[in-house]
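Have the viewer open as you read.

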Amino acid sequence: MVTRREAAQRLDIPLEMAVRHGLPPQLTEAAVVELDTTPPAWLAQSRANRTGKRPVWSDLVCAVCGFTERARPKKWWPKFTYVVCDDHEIEEWPKAAPGAIRAEVFGVGGRFVGLVDDVA
């Protein structure tokens, strides 16, 4: 069985849209494949309206341990140089490039810190 969240990720739609259009909490693999290959009108319209400016889902991968999470990117997220789990010590983080100024963005996804290295 596939959860509604997993189905939304695979169909590349927001979770809210999946709920609004009546996707059940659990779907079979065949049901997800059917939705993807022969989308209902609302899904076809959603795909047609995509401008490609911002992805619906973003893969976050810790640069230290490799932990992964799919999350909805927020408008306020800058372009991260790295993301790391918030429980890693600063000494474990990848080093910034020489001369770069590093900014830390907390609260990225469920457990990440975003690192932005700006080379002046």
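"Buried" here means under 20% relative accessible area, with exposed being over 50% and partly exposed in between (1.4 Å probe, protein chains only). The model is predicted, so to speak of local features takes pLDDT of at least 70, and side-chain atom pairs count only at pLDDT 80 or more, while totals for chains, interfaces and linings use all residues. Numbering runs from 1 along each chain as its sequence is written, and side-chain values use heavy atoms, leaving out hydrogens and water.

| Residue | Relative accessible area |
|---|---|
| Tryptophan 77 | 14% |
| Phenylalanine 80 | 18% |

Rings of Phe, Tyr and Trp (its six-membered ring) pair if their centres lie within 6.5 Å; planes under 30 degrees apart are stacked, over 60 edge-to-face, and the rest tilted. The structure has 3 such pairs. One of them joins tryptophan 76 to tryptophan 77, edge-to-face at 6.3 Å centre to centre with 85° between the planes. Ring pairs tie Trp76, Trp77 and Phe80 into a cluster.

Phenylalanine 80 sits in the loop between strand E4 (68–71) and strand E5 (82–85); strands are DSSP runs of at least two residues and helices (H or I) of at least four, numbered from the N terminus. What does phenylalanine 80 touch, not counting residues up to four places away in sequence? Counting heavy atoms within 4.5 Å as contact, the partners are Val105, Val108, Gly114, Leu115 and Val116. The C-alpha atoms of phenylalanine 80 and valine 116 are 4.9 Å apart, despite 36 residues of chain between their positions.

Over in helix H1 (residues 4–11), the buried residues are Ala7, Ala8, Gln9 and Leu11.
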